[in-house]
Amino acid sequence: MARIELRALAHRYGSGPYALKPLDLTWQQGGAYALLGPSGCGKTTLLNIISGLIRPSEGFVLFDGIDVTDRSTEARNIAQVFQFPVVYDTMTVRENFAFPLRNRRVPEATIRARVAEIAELLDLVDVLDRPARRLTADAKQKISLGRGLVRADVAAILFDEPLTVIDPHHKWELRSKLKALHARLDTTMIYVTHDQTEALTFADQVVVMDAGEVVQAGTPEELFERPAAMFVGHFIGSPGMNFLPCVVEGAHAVVGGHRVPLGAGYAPPAGAALHLGIRPEFAMLAAHGVPVTLARIEDLGRTRLARCELAGKPFVATVPEGFAPDSAAVRVAMPSRHLHLYADGKRLQPIAAAATEAA
Amino acid sequence: MDRPVNNRAWLLVLPVLGIVSFSALIPLMTVVNYSVQDTFGNNRFFWNGLGWFSELLDPSTDQGGRFFDALWRNLLFSAIILTIQVPLGIAVALSMPRSGWRVSASLVLLAMPLLIPWNVVGTIWQVFARGDIGLLGAAVNGLGIPFNYTQDPIAAWVTIIMMDVWHWTSLVALLAYAGLRSIPDAFYQAARIDGASAWSVFRKIQLPKMKRVLLIAVLLRFMDSFMIYTEPFVLTGGGPGNSTTFISIDLVKTALGQFDLGKAAALSIVYNLIILAVCWVFYTVMTRNDARDVA
């Protein structure tokens, strides 16, 4: 049970480039966090630094305000579940679960109770006394999970893409169980994944990483509605956010010769590459707005998406119910409160809002 | 679907059959032939039935006594070799570096003794352990401990065992190291997270993962030490007395020293059968373990 702070933390392997660029981040006690990003973006490095498997080359790790940067994994009291199953071959499932507790000299009665509880939770009661090596990959990963969850007093539980080897049907079930467990245990959980669905359904707070950098940390709604960077807009949502190169004239963006009202004034830095961003969910085909060329309509069941072209760039918009375009020349409405302006990939604050947020 | 059946295809096996017969079957059968006959020279042979075998397997006869003495020596030697080399090899493998240039350096160093011809190993140790001019022998004598492997059976055994440990522990270490390298890092990380002690990491992770290669190492080392000939032949020639006369040395003495072809042939066959039997036991144990893992 701890609040985890990372201060001016950075890491490089050997003398190579930064695997993790300098960052400051706080994980509140009891939070359910997801670390989301493409493969190789530094998620696992960050996780291993928190658990103490890797010592950061720069900066500090604080648990409840105490510097633990130089403390061993054991001393930090962290549980971690890895991407691929780790089971102790010579032991039974029960002994596997009990192993982390025995190593810490927990009383036998407590061990028995905890093991029974975890086996129940993971549906492994029937195989408790079977040798662990004979089980399927699914079951083995559940054993790894169980060993992570069995200790009651941990500062945090870290999951490194724990459901990679689990089949899709069980994935959903296990994720809900983890979520329920989090609600019950009040333990900080950090869940690393490259799958946005996993991240958005598991976590209260999602930390998006790209190329060794934390791009945005926020609730799933914030990530969806106000992506702080073009990367987040692309990475989260399916399909991702639309981005259109533009120029800004006061409170208007000019895209391919069409003026789009932004609803607020912006002061973009001179010389920056500007993009106008809008989620397909909020861009509606309509009778008025910016003219686009319709390529085709995809029916996704609940919604229909229009694949269009706007000023030579692909653009995805939602087709409102009952809307039947009669030709390829249609128009798209972009409500100004869902429009975001990006300078060199980063989101710009409108002038008025920037003033109030700064105050 | 009808498959064409042409029995002439069997003719294709003939060359292999010919080579195997020439190189293995015929020499082996010659030995079997000698083992049931006696000769008084002049290339004249007499049928002796199982006479040589019953003499060999009866410890009260001269031949049988020699054989059983040599057999116990062999078994004792193999037992000592295994109890030293296997734990030592594992210890060496555990203390080897896991990455960087040191890996290649230590692998090359370890492989070195394995590349030295066996009679050269014998010669090196013969000189090294000499009480008068050998570095080891002279040093031990200099400490006030009498050490002379040509006269003292204990000293001879100690020298042969040290020589074999020096020569072959590398093999066990290399095999154990290969087993260790097959363990993914995640296992060590998980063990650290689980708070496992170094001893439990060894018992619960490393040893189980090394089990298969260690079985192979034990098999190889048993076979090799049970068949040892060259090094003790060069070092002690089987002496002092008969104290380091292993079966192979006795066999050569019987066949080439005394020219007792019948006795030597019977001894060869029994020696061979012992090794085959031990091989079979190891093979069965290994395959049964594998089958259990799969089940």
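1. A residue counts as buried if 20 or more other C-beta atoms lie within 10 Å of its own, as exposed if 12 or fewer do, and as partly exposed in between; the C-beta atoms are placed from the backbone. By that rule B:Pro146 is exposed, because 10 other C-beta atoms lie within 10 Å. B:Pro146 sits in the loop between helix H6 (135-142) and helix H7 (153-181) of chain B. B:Gly131 is 15 residues away along the chain, and the two C-alpha atoms are 8.5 Å apart.

2. A word on the source. This is a predicted model, in which local features need pLDDT of at least 70 and side-chain atom pairs count only at pLDDT 80 or more, while totals for chains, interfaces and linings use all residues. Residues are numbered from 1 along each chain as its sequence is written, and chains are lettered from A and ligands numbered from 1 in the order in which they are written.

3. Which elements does chain B contain? Chain B has twelve helices and two strands. Helices (H or I, at least four residues) and strands (E, at least two) are DSSP runs, numbered from the N terminus. The order from the N terminus is α-β-β-α-α-α-α-α-α-α-α-α-α-α. Chain B is more spread out than a compact globule, because its radius of gyration is 24 Å, well over the 19 Å that the globule rule gives for 295 residues. The radius is taken over C-alpha atoms, and the rule is 2.2 Å times the number of residues to the power 0.38.

4. Now the extent of chain B. Its C-alpha atoms fill a box of roughly 85 × 75 × 35 Å along the principal axes. Of the 295 residues in chain B, 28% are buried. Two residues are in contact if their C-beta atoms, placed from the backbone, lie within 7 Å. Among contacts in chain B with a separation of 6 or more, 66% join residues 24 or more positions apart.

5. Chain A has ten helices and 22 strands. Its C-alpha trace spans about 75 × 45 × 35 Å along the principal axes. Buried residues are 39% of its 359 residues. For contacts in chain A with a separation of 6 or more, 67% link residues 24 or more positions apart.

6. Look next at one hairpin. Strands S13 (residues 252-255) and S14 (residues 258-261) of chain A pair in the antiparallel sense over four bridges. Pairing requires that DSSP finds at least two bridges between two strands. A:His252 stands opposite A:Pro261 in S14(A). Two residues lie between S13(A) and S14(A) in this hairpin, and A:Gly256 in the turn has a positive phi of about 55°.

7. How is chain A divided into domains? The assignment gives domain 1 (4-230) and domain 2 (241-358). Such bounds come from an automatic or database domain assignment. The centres of the two domains, taken over C-alpha atoms, are 38 Å apart. Five residues of domain 1 of chain A are in contact with nine of domain 2. On the domain 1 side, four of these residues are nonpolar, none polar and one charged. Ala, Val, Leu, Ile, Met, Phe, Trp, Tyr, Cys and Pro count as nonpolar, Asp, Glu, Lys and Arg as charged, and the others, Gly among them, as polar.

8. Last, the interface between the chains. In chain B, 15 residues are in contact with 21 residues of chain A. Helix H8 (185-193) and helix H9 (198-226) of chain B each supply at least two residues of the chain B side. H8(B) gives the largest share, six residues. By class, the chain B side has eight nonpolar, three polar and four charged residues.
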